[in-house]
Each structure stands twice: as C-alpha cells, then as structure tokens.
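Here are my notes on the model, point by point. Please read them with the structure open.

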Amino acid sequence: MKPAPFEYVSPETEEEVLDLLRRHGDDARLLAGGQSLVPMLNLRIVQPAVIIDLGRCPSLAYITVENGSLVCGTMTRQMTAERSSEVREACPLLAAALPHLGGTAHRNRGTVGGTLAHADRLAELPAVALALDAELLVRSAGAERTVAASGFFLSDLTTSLREGEMLHAVRFPRAGVHHRAAFAEVGNRRHGFAVVGVAAALEVSKDGACAGVRLAVMGVGPTPVRLAEAEHILVENPFDADILRTAGEAAAQSVDPANDIHASAAYRRRLTATLVERAVREAVA
Amino acid sequence: MSKVEVRLTVNGAEYVRSVEPRYLLVDFLRRELGLTGTHIGCEQGVCGACTVLLDGQTARSCLHFAVQVSGSEITTIEGVSAEASLSPIQDAFHRNHALQCGYCTPGFVLTTVELLRQNPSPDETEIRRGLTNNVCRCTGYVNIIKAVAEAARSMPTGEG
C-alpha cells in the first residue's frame with residue numbers, strides 16, 4: 001500500500017521545527033529515521049496531514065560527553081552511536097543494546113531519538129533508558145523540560161510527550177570504572193523484533209560482589225519494567241550461579257506477560273529468568 | 001496534491017523529477033527512472049527486496065520518501081557492475097545457484113556489498129547474521145550463504 005497524501009516540510013533549524021509543531025499540533029508527525037513511522041504510513045495506520053522531516057536539521061544529530069553524562073541528540077543515527085567510541089566508553093549498555101535494534105539497513109537510518117519517542121513495546125532503547133535512569137530532554141516552542149525515563153514510557157507507542165513537544169535528546173549517566181553492563185535478548189531473528197530482552201547495569205565492588213544493580217525487561221508488557229525483586233537479591237551478593245538463578249526466578253515471578261501470536265506468557269516468563277541470568281553473567285564476565 | 005522537486009544521483013547519473021511528497025524512493029527508482037531492478041516486496045521494511053545503497057550505506061528504499069533523500073547518491077542493482085558484466089558478488093551468486101525466482105536477489109547483492117566492505121572475510125555465522133534481514137521466499141539460503149563466502153574469497157579486500 002502507499003501512504004495517504006500529506007504536506008511535507010523539512011525545516012533546517014530546531015526553532016522552525018518547534019514552530020511548525022506548535023502551528024500544526026496533532027495534525028503533524030515528526031519524521032526522524034522513518035524505520036517505524038514509514039511502515040505505519042505505508043499501511044495507513046497513521047495518516048497525518050503534515051510530515052515534519054527532521055533529517056535536514058543538523059543541530060539535532062550529535063553525541064557529547066559532558067558533566068558526567070552522555071547526551072545523544074534525537075537525530076543521532078543508531079549506527080553512528082553504535083560505532084561511537086564515546087558511546088562505548090561512557091555508556092556500555094547503550095553500545096551493547098544498539099546492535100539488536102534491527103538489521104544493518106535499519107540501523108543505518110533509524111535514530112536514537114526516533115525509537116525512544118516511538119516507544120514500541122518491543123524496542124530495546126526504552127529498556128536501556130529505564131535501566132540507566134536516563135533523562136529525556138523535551139522541547140516545545142519557547143519551553144524545555146526534562147522527563148525521567150520512568151515517567152516517559154506510558155504504554156505501547158505512547159509517551160508523556162504532549163502536543164507541540166519534541167524529544168530533543170537523551171541523557172545517560174556516564175559509566176564509572178566499576179560499571180558493567182550487558183543486553184541480552186531472544187527473538188526469532190538476530191536483528192529483528194525481540195520476544196523478550198533484558199538490560200543489566202551493574203556496579204561491581206573491589207571484592208567482586210554486586211555493589212549496585214539496575215535491571216529492566218522488555219517484551220513482558222506495554223512498556224519496559226524494572227525488576228526490583230531480582231535487583232534486591234543480587235545487590236551486596238557475589239555473582240555466583242545460585243544467586244543468579246534465584247534472581248532470574250524472582251524476575252520471572254515478578255512479571256506478568258500476556259499470550260500473543262509470537263510467544264506464550266509462560267515462555268516469556270521463562271525467557272525473563274534465563275535472560276536475567278545471561279545478562280548479569282555477561283556483564284561481569 | 002502539489003509536487004516537490006527531487007534531485008538524486010543514481011548510479012552516477014543525476015536526475016531531477018517532480019513527484020508527490022508521499023512518493024517512495026523505490027517508486028521513484030522504478031517508475032520515474034525505469035530502474036526496475038529494485039524490487040518491491042513487503043513495503044514495510046521487513047523483506048529487504050528493495051535494498052539500495054544510500055550515500056554508500058544499505059537502506060530500505062520502501063522506507064524513505066524520495067523527497068526526504070533528495071540530494072543523495074543512490075546505488076541500485078543496475079549500478080553494481082558495468083553494463084553486460086557481472087560484479088564478483090553477482091558472479092558468485094550465478095555460479096552457486098544462489099537465486100531461484102530472483103525476486104530477492106538485488107537486495108541480497110546490495111546487502112552483501114556492504115557486508116563484505118565492512119568485513120572482507122566473514123565466517124558463516126557472520127554471513128548469516130549479515131543477511132538475517134533479507135528474506136528469500138524460495139528459501140534458497142544455503143546457496144546464498146555459499147555464494148557470499150565464495151565472493152569474499154574471490155575479491156581483493158575492499159572491492160565491492
């Protein structure tokens with residue numbers, strides 16, 4: 001199928017983008033990398049009157065490390081972030097998750113901000129953002145606010161962005177020397193939609209025990225969720241096989257997945273246990 | 001609906017056309033330029049039949065509007081070899097019977113161009129992972145993987 005007709009604008013500054021958003025409101029959709037939006041346009045799931053293309057606005061594509069954080073502008077291409085030494089050093093969990101996002105062709109074009117703002121229930125970066133307590137920098141004409149990841153992802157394809165607002169950038173805390181991270185997922189393809197994925201961010205103490213841990217799982221509900229019970233079992237304990245297994249079981253018991261055509265609820269629960277173990281083991285390996 | 005000007009360099013030649021903003025890059029290539037080697041499969045970015053090189057990187061031409069990439073350089077299957085000859089990758093596909101109906105082949109070849117440029121001697125696992133987002137509905141994957149491995153062996157490093 002082909003998209004319904006729309007008016008196309010490609011502003012070159014962020015001010016113009018925000019002004020267009022203010023004028024068109026919900027009649028407009030922002031086009032970032034288009035790897036999720038264009039399929040929805042082709043299938044006429046969405047039929048906006050106006051498409052505001054962010055691809056010609058260079059000020060939205062940047063990676064900086066500043067004041068203890070890594071900041072990615074919304075139009076940073078996923079492949080650019082994946083290949084960035086700054087991302088690898090400052091945010092290893094983001095670097096670990098990025099190769100899972102899609103095929104090479106999708107990651108060449110897809111953007112960091114696009115996948116966050118799209119908020120697909122099976123997207124990896126919302127889980128990464130939640131695990132790291134990332135901050136979403138949101139702008140509208142003449143205003144700016146910061147939203148914690150825990151308050152940004154409201155449901156499948158739904159964020160707390162309001163009419164006239166745009167995700168400007170995402171800020172991740174910079175990893176310290178004791179930080180370890182891994183992202184583990186199972187899907188039908190290596191680089192396609194996952195069934196379940198787990199993001200693990202750890203702090204390791206000098207004696208090799210767990211000094212801090214943040215786990216987020218995706219694929220078990222409309223948004224990623226933190227795994228507080230599993231975190232509680234891991235923290236201040238050594239990373240031995242029994243502890244990891246117990247944490248995995250606790251994670252599985254704490255989630256409430258549904259059956260769908262891709263996997264049963266029971267399988268998603270098993271994957272949650274397995275992937276918590278796997279992600280933590282990989283992180284500290 | 002008002003039209004917009006699109007200017008693209010495709011396989012080294014420059015083209016300027018006026019199309020509707022909703023016109024997909026794949027339709028621009030096929031209908032406006034007559035380059036029908038780029039195939040339309042799923043129109044939702046899953047199958048890979050429409051894969052082209054956009055400024056040197058693989059991209060789904062069904063997931064871009066022509067206007068959005070105006071000013072870019074595109075390489076399609078028609079541009080991977082000189083006229084009436086086969087590139088080393090195409091030749092390896094031919095020799096290994098890596099195509100049956102051929103519908104997916106242009107996408108596989110362009111995906112392979114990028115794969116071998118980034119990793120000139122991939123092992124089988126790396127080939128499988130590199131091709132995982134291209135679908136062959138004839139399911140001729142074994143020969144496709146053999147062809148990519150043979151192409152890698154036959155090509156001097158960096159040649160695409």
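1. B:Glu43 sits in the loop between α1 (25-32) and β3 of chain B. This is a predicted model, and the backbone here deserves a look. Phi of B:Glu43 is positive, near 55 degrees, and the residue is not a glycine. Is B:Glu43 buried or exposed? B:Glu43 counts as buried, with 22 C-beta neighbours inside 10 Å; the cut-off for that class is 20 or more.

2. A second residue to check is A:Asp133. Its phi is also positive, about 55 degrees, and A:Asp133 is not a glycine. A:Asp133 belongs to the loop between α8 (124-131) and β6 of chain A.

3. Next, the domains of chain B. The assignment gives domain 1 (4-79) and domain 2 (88-154). Their centres, taken over C-alpha atoms, are separated by 22 Å. How many residues of domain 1 of chain B are in contact with domain 2 of chain B? The count is 13 residues of domain 1, facing twelve residues of domain 2. On the domain 1 side, β3 (51-54) and β4 (57-60) of chain B are the elements that give two or more residues. β3(B) gives the most, with three residues. By type, this side of domain 1 of chain B has six nonpolar residues, seven polar and no charged.

4. Now chain A as a whole. Chain A has twelve helices and 14 strands. Its radius of gyration is 19 Å, close to the 19 Å of the globule rule for 285 residues, so chain A is as compact as a globular protein of that length. The C-alpha atoms fill a box of roughly 60 × 45 × 30 Å along the principal axes. Of the 285 residues of chain A, 51% count as buried. Take the contacts in chain A between residues at least 6 apart in sequence: 64% of them join residues at least 24 apart.

5. Chain A is divided into three stretches by the domain assignment: domain 1 (7-56), domain 2 (58-173) and domain 3 (179-284). The C-alpha centres of domain 1 of chain A and domain 3 of chain A lie 35 Å apart.

6. Helix α1 (residues 14-24) of chain A has a buried side. A:Val17, A:Leu18 and A:Leu21 are buried in this helix. These residues cover an arc of only 90 degrees around the axis, which puts them on the same side of α1(A). What do the buried residues of α1(A) pack against? They pack against four strands of chain A: β2 (28-31), β3 (50-53), β6 (135-140) and β10 (166-173). After α1(A) comes A:Gly25, with a positive phi near 55 degrees.

7. The largest nonpolar core has 143 residues. Among the residues with the most contacts inside this core are A:Leu93, A:Leu215, A:Val217 and A:Ala251. Strand β12 (residues 194-204) of chain A gives the most to the core, with eight residues. In soluble globular proteins, nonpolar side chains tend to be buried together.

8. Beyond its neighbours within four places in sequence, A:Val217 is in contact with residues including A:Ala127, A:Val196, A:Val198, A:Pro224 and A:Val225. A:Leu227, A:Ala251, A:Val255 and A:Thr272 are also among its contacts.

9. A:Gly187 lies in strand β11 (residues 179-187) of chain A. A:Gly187 counts as partly exposed, with 18 C-beta neighbours inside 10 Å. Leaving out residues up to four places away in sequence, A:Gly187 touches A:Gly192, A:Phe193, A:Ala194 and A:Val195. A:Gly187 and A:Gly197 are ten residues apart in sequence, and their C-alpha atoms are 8.5 Å apart in space.

10. Last, the contact between the chains. Here 24 residues of chain A are in contact with 22 residues of chain B. On the chain A side, α2 (37-42) and α6 (104-109) of chain A each supply at least two residues. Which element supplies the largest share of that side? α6(A) does, with five residues. The chain A side divides into nine nonpolar, ten polar and five charged residues.

Conventions
Residues are numbered from 1 along each chain as its sequence is written. Chains are lettered from A and ligands numbered from 1 in the order in which they are written. This is a predicted model: local features need pLDDT of at least 70, side-chain atom pairs count only at pLDDT 80 or more; totals for chains, interfaces and linings use all residues. The radius of gyration is taken over C-alpha atoms; the globule rule is 2.2 Å times the number of residues to the power 0.38. A residue is buried if 20 or more other C-beta atoms lie within 10 Å of its own, exposed if 12 or fewer, and partly exposed in between; C-beta atoms are placed from the backbone. Two residues are in contact if their C-beta atoms, placed from the backbone, lie within 7 Å. Domain bounds come from an automatic or database domain assignment. The arc is that of the directions from the helix axis to the C-beta atoms. Ala, Val, Leu, Ile, Met, Phe, Trp, Tyr, Cys and Pro count as nonpolar, Asp, Glu, Lys and Arg as charged, and the others, Gly among them, as polar. A nonpolar core is a set of buried Ala, Val, Leu, Ile, Met, Phe, Trp, Tyr and Cys residues joined through C-beta atoms within 7 Å.
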